[in-house]
Amino acid sequence: MAEPVASVENLVKRYDGVAAVDGLSFEVQRGEIFAILGPNGAGKTTTIEILECITQPTAGSVSVLGNSVTASRGADEVKKRIGVLPQKFGGIGRLTIAENLKFFAAMYDKSVEVMGLLDSLEIRDKAKVRFADLSEGLKRRVGIAIALVNDPDLIFLDEPTSDLDPEPRRTTWKVIADLRAKGKTIVLATHYVDEAQRLADRIGILRGGKIIALDTPAELLGKFGGGKAVIFRGGGDAVFGTLRRFFDTVSMDGSDVVLPFDRLRDLEVAFAALVDRGLEVEVALRSPTMEDVFLRLTGLKTSDSGEAN
Amino acid sequence: MLFSFLFPVALLLVLGTIYGNSGSSNHMVGQDTASYYLPGLTAAFIMANGVIGLTRISSELKRDGVLRRLSATPLTKLEWLLGTFLSQIVLAFALAAVMLTLGVALYNASGLVNVYSMVLLFLGALLFSGVGMSLAGLVKDPEVASGLGEAITYPMMLLSGTFWPIGSMPSYLQTVAQALPLTYFADGLRNSMVSADLTDFVVVAIFALVLVLLGARFTPWNES
């Protein structure tokens, strides 16, 4: 197994005695997108800032790209080789995109050619537009460009699509996926469940400063998703009563009847029972989603836009 | 930019025109009008640049996550602070140069170009940059921060003898003026043409030291 790009062991961070992060342990593998998913206040930004070496841990050991973050030499090394997009990044509003990129590139000994970077993110035609005049989606894209000026192998993105409309969100997702295709490793902090599911190779669900689950989306869905179910819409007591005779696991959700199942045989039995009784009812299939996983694990509902609250 | 240079220049022209350049004007206690206003306005607008201009810029950079982004680069906090102070010092000298050129050309003003006044300009720029950086660091919203900056700048300008001599104010206001850094900065610049008054210099230097340290302390960066 290759060296992890970052490893965190029993990380604790306290502010005024209150633990924002309380015993976190995880590793980030090379070339993956690792999502830290959790509601606001869960400790995502704190964790990311410790990995970025802009905040010091209270306890625990953290190593990024082979360097310990608590050693000052180590922190300096890390900063040369990582890219960072902070939350709600607004750039230097008065400067143009090109000027912003050149400014940040000047912070590093080695940086990529700015125009090439603009090309690769398809924003070359806007090079002379002031940052403050850009749309929200473009601001994020330029923010990601700024995170790439030193050609980092490890990139931290803190809520890269928050407050974006659906279209720029999708575009930003594509940009992030392209980065992984180029071999970059990405640590993504988000409170969007769908974003984590869509982009991440592995998700660490964070709540109250602790990781409550860490796995690939598929495994999380399998373990905590609750499995597939058939929904008999408006089935009511009649359908419920019929199925109850065969299945313990059937439940009601309002007037809908929900029947979890594993095998097709279960369905065969269920449908036969209903047809036998002459019950006609609308049928829908429900597959487990990350929202289900999240709800089960944290007890928190997600809003309509898929945000964890 | 406009505010930084046009406003003080315009004021110098207006005031110089209104009060003329006669040394015997009762208004100005025996000094040339331009020689009174030139250093006074220069000092006042170095203050404004630091306490309003820099406050707004720094506050916006903080709000927009630029400081956070920079603290994740190899740039150190010291380098950032030095760069900020240096830019304000350059701005202060540029303003002084513009004002002096005008003053010499139009009003036969003299002075402002000796070692003492240059050190004073340097210290004054530092002093008010420190105020600006402190405000930006302490207040979250750029509008509020620069609003506070304005609330400090304009009264201080009025009370420190920029537009009228301190002696012409009621005594309780004169007492207030004695507590304001701009009073010493402006007086120091005025007197630099005649004789270096050590009191002004020492007061400005101490204020500058304190405010630079506060500005550095309140500028958010790494926690290390």
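Q: What's the strand order in the open sheet of 4 strands in chain A?
A: The order is S2-S1-S4-S5, with antiparallel pairing. Two strands pair if DSSP finds at least two bridges between them. Strands (E, at least two residues) and helices (H or I, at least four) are DSSP runs, numbered from the N terminus. This is a predicted model: local features need pLDDT of at least 70, side-chain atom pairs count only at pLDDT 80 or more, and totals for chains, interfaces and linings use all residues. Residues are numbered from 1 along each chain as its sequence is written, while chains are lettered from A and ligands numbered from 1 in the order in which they are written.

Q: Which strands stand at the edges?
A: S2 (18-28) and S5 (67-68) of chain A. Each has a single partner strand, so one side of each lacks a neighbour in the sheet.

Q: How many bridges join S4 to S5 in chain A?
A: 2 bridges, and the strands run antiparallel. A:Ser63 stands opposite A:Ser68 of S5(A).

Q: Switching to S3 of chain A. How many of its residues are buried?
A: 5 of its 5 residues, 33-37, are buried. Buried means 20 or more other C-beta atoms within 10 Å of the residue's own; exposed means 12 or fewer, partly exposed is in between, and C-beta atoms are placed from the backbone.

Q: Which way do they point?
A: A:Ile33, A:Ala35 and A:Leu37 point one way from S3(A), A:Phe34 and A:Ile36 the other.

Q: Which strands does S3(A) pair with?
A: S8 (185-190) of chain A, in parallel, over 5 bridges. A:Ile33 has A:Ile186 as its bridge partner there. S3(A) also pairs in the parallel sense with S9 (202-207) of chain A, over 4 bridges. In S9(A), A:Arg202 is the bridge partner of A:Phe34.

Q: Now the contact between chains A and B. How many residues does each give?
A: Chain A gives 20 residues and chain B gives 17. Two residues are in contact if their C-beta atoms, placed from the backbone, lie within 7 Å. On chain A's side, H2(A) gives the most, with 3 residues.

Q: Last one: H9 of chain B. Where do its buried residues fall?
A: Within an arc of 160 degrees seen down the axis of H9(B), so they line one face of the helix. The arc is that of the directions from the helix axis to the C-beta atoms. Among these buried residues are B:Val204, B:Phe207 and B:Leu211.

Q: What do they pack against?
A: Helices H5 (115-138) and H8 (181-191) of chain B. The face turned away from the buried side of H9(B) carries exposed residues, including B:Thr199 and B:Arg217.
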